[in-house]
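Subject: A structure to look at, and some notes on it

Hello,

Here is the structure I promised to hand over, and my notes on it follow below. Please keep it open beside you while you read.

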Amino acid sequence: MKKAFLSSLALLVLSFHLFGQHRNLEKAKEAFNNMRFLEAEQHFHSSIEKDSSNTFLLRRIADCAMNRGDFQKAIVWYEATIKNGGFY
């Protein structure tokens with residue numbers, strides 16, 4: 001009984017975590033599409049903390065920096081994108 005309860009509790013916590021992660025990514029995409037690049041970059045950074053090799057997120061952070069005129073930062077993130085297999 002205790003094992004089943006702990007398993008259920010772990011599943012519940014995981015589902016809340018995944019939902020929050022998805023919601024944050026949706027906020028980032030919306031901000032990016034509406035050209036709010038600083039806000040988008042902040043949301044993408046929150047997502048990248050959980051998946052540091054995701055080339056979509058890496059490139060979007062680079063694109064945000066580029067669109068804000070922070071070219072040095074953009075270069076760092078574009079290089080990370082390439083290093084992780086992005087830009088096929």
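A residue is called buried when its relative accessible area is under 20%, exposed when that area is over 50%, and partly exposed in between. Phe44, at 0% relative accessibility, therefore counts as buried. Please bear in mind throughout that this is a predicted model.

I began with the aromatic rings. A pair of aromatic rings is described by the distance of the centres and the angle of the planes. A search of the whole structure finds three aromatic pairs. In one of them, the ring centres of Phe32 and Phe37 are 5.4 Å apart and the planes stand at 75°, so this pair is edge-to-face. Both of these residues are buried, Phe32 at 13% relative accessibility and Phe37 with a relative accessible area of 15%. Another pair is made by Phe44 and Phe56, whose centres lie 6.2 Å apart with their planes at 80°, so that pair is also edge-to-face. Because Phe44 lies in helix 2 (residues 37-48) and Phe56 in helix 3, this pair ties together parts that are 12 residues apart in sequence. Phe56, at 36% relative accessibility, counts as partly exposed. Taken together, Phe32, Phe37, Phe44 and Phe56 form one aromatic cluster, and Arg60 lies over the face of Phe32, at 4.1 Å from the ring centre.

I then turned to helix 3, which has 13 residues and reaches 18 Å from its first C-alpha to its last, close to the 18 Å expected at 1.5 Å a residue. At its N-terminal end the helix is capped by Asn54, which has a side-chain oxygen 2.9 Å from the backbone nitrogen of Phe56. After the helix comes Gly69, whose phi is positive, near 90°.

Which residues of helix 3 are buried? They are Thr55, Leu57, Leu58, Ile61, Ala62, Asp63, Cys64 and Ala65.

Notes. Residues are numbered from 1 along each chain as its sequence is written. This is a predicted model: local features need pLDDT of at least 70, side-chain atom pairs count only at pLDDT 80 or more; totals for chains, interfaces and linings use all residues. Side-chain values use heavy atoms; hydrogens and water are left out. Rings of Phe, Tyr and Trp (its six-membered ring) pair if their centres lie within 6.5 Å; planes under 30 degrees apart count as stacked, over 60 as edge-to-face and the rest as tilted. Buried means under 20% relative accessible area, exposed over 50%, partly exposed in between (1.4 Å probe, protein chains only). Helices (H or I, at least four residues) and strands (E, at least two) are DSSP runs, numbered from the N terminus. A charge sits over a ring if NZ of Lys or CZ of Arg is within 6 Å of the ring centre and within 35 degrees of the ring normal. The expected span of a helix is 1.5 Å times one less than its number of residues. A polar contact is a pair of N or O atoms within 3.5 Å; within protein, one must be able to donate a hydrogen and the other to accept it, and residues adjacent in sequence count only if both atoms are side-chain atoms.
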